[in-house]
Amino acid sequence: MCLAIPARVVLMNENQMAEVDIHGVTRTVSLSLTPDAETGSWVLIHAGFAIQVVDEEFAKESWELIKQIEWVDGDPAEVSA
Amino acid sequence: MTDLQAAWRDPELDKHLVDLITQAADRPIKLMEVCGTHTVAIARFGLRDLMPPNIALLSGPGCPVCVTANRDIDLAIELTHVDGVVLATFGDMMKVPGSYSSLQREKADGRDVRIVYSPLDAVQLAADLPDRQVVFLGVGFETTAPAIAMAILTAAQRGLDNFSVLSVHKTVPLALEALVNDPEVAIDGFILPGHVSTIIGPEPYRFLAERYHVPGVATGFEPVDVLQGVWMLAKQLHEGRAEIEVAYRRGVSADGNPTARARIAEVFEPSDAEWRGIGVIPGTGLAIRPEFAAWDAALRFDVTPPPPKEIPGCQCGEVLRGVTLPFECKLFGRACTPEHPIGPCMVSSEGSCAAYYRYTDYGR
């Protein structure tokens, strides 16, 4: 029930409503909980609302970090991902 | 982003993380995922089978549909009997049995029950049906509560006095404290719910680590996310640490979503809530504030459902606390299947029993 789906903001409308693209499907959602969202932002959608603006660069960076984790001398190496 | 999502399903990365987990797990470890979406991800991607034998992944009370008490479902059903009422709900709630019936059965019997995708759709329904009373069944954790707060604020702003909410929301952190204090449960670490954490951030869980020395990691929902969360927990336990960390930084910021939290605080106040299988946990409910009493269905309608009763033989309550595995219930896979569900944990697509039944061979 707490599923949230990534979508891209395509068009900002009035009353903090916006059209978003979810894997090629257009939906109208509210951006009232994510005042920083703008056209082109990636957002997480839940129950008709954007609940988070996703930092795409940060996501890529975390993924690269996981790949680099190694077990060193019997102890897990530090990771900041 | 689609490419990015694919990146979080990389089998090579999965294997790398499983190797790390295996090395870190130097003793038997019981981890609990407290989110129904995690329960489904773990079952669907077969992650339980990838774990070394000394790591047990248990499902907890993280499906809002499943933890809704019979008493609350009975009240929603009773409201459908009130003249002029349209009950609007998320689809997940339709088939959930209360003590005597379900919303689906009531709909089949001619009551006006409608499924909406967003609580704002229920507000619009009230605007479209000025002669009816639209009641929205407010179920969900911190992830969903801001959307329902916005629905009440929107109805107030539009002056819609034929809209109201039956609030049976629940909040997560204090429920985890109840589990930590339960001697039957004995959890070593929590896989914390990703999208609840999107709203509340890591801070509200901190007391679990500091007071009880139980670590937690807020985790995402792709296989790599879940394995990373398990690894971070195993690593903390290996090192004797207990901290609250985030393995899902693309979805959870250090402060969560303060705007969403402000909307919750504006409309709701903490209250006691009854959880199926656990009982009443003080402070884990969200009651509508007196300023918004006009949109509170519990106050608007004077209905008293018959006393609740439990479903004979159903062990959903024990499953939700992680003390009974779904396939250990006598009904699982025999009398109780997704096609003919008996208890909420099999009804809800995110229930532990449904996830075990659909995606694994356990108990067959």
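This is a predicted model: local features need pLDDT of at least 70, side-chain atom pairs count only at pLDDT 80 or more; totals for chains, interfaces and linings use all residues.
A cavity is a set of points, on a 1 Å grid over the protein atoms alone, where a 1.4 Å probe fits but cannot get out, and lining residues have an atom within 4 Å of a point. Local features need pLDDT of at least 70 and side-chain atom pairs count only at pLDDT 80 or more, while totals for chains, interfaces and linings use all residues. Residues are numbered from 1 along each chain as written, chains are lettered from A, and side-chain values use heavy atoms, without hydrogens and water.

**Largest cavity**

- Helices α16 (316–320) and α17 (344–347) of chain B each give two or more residues to this lining; helices (H or I, at least four residues) and strands (E, at least two) are DSSP runs.
- The largest cavity holds about 100 Å³ of space, a volume being the space filled by probe spheres set on the grid points.
- Ten lining residues are nonpolar, two are polar and none is charged; Cys counts as nonpolar and Gly as polar.
- There are four cavities of 30 Å³ or more.

**Disulfide**

- One disulfide (cysteine sulfur atoms within 2.5 Å) is present over all chains.
- The sulfur atoms of Cys316(B) and Cys345(B) are 2.2 Å apart in this disulfide.
- The link of Cys316(B) and Cys345(B) is right-handed, with 80 degrees about the S-S bond.
- Cys316(B) belongs to helix α16 and Cys345(B) to helix α17 of chain B, so the pair ties together parts 29 residues apart in sequence.

**Five-stranded sheet**

- An open sheet with parallel pairing has the order β2-β1-β7-β8-β9 in chain B; strands pair if DSSP finds at least two bridges between them.
- β2 (55–59) and β9 (244–246) of chain B are the edge strands with a single partner each, so one side of each has no neighbour in the sheet.
- Strand β1 (residues 29–33) of chain B is joined to β2(B) by five bridges, and Ile29(B) has Ile55(B) as its bridge partner.

- Four bridges pair β3 (residues 85–89) with β5 (residues 133–138) of chain B, where Val85(B) is partnered by Gln133(B).

Technical notes
On a 1 Å grid over the protein atoms alone, a cavity is a set of points where a 1.4 Å probe fits but cannot get out, and a pocket is an open set with protein on both sides within 12 Å along at least five of seven lines; lining residues have an atom within 4 Å of a point.
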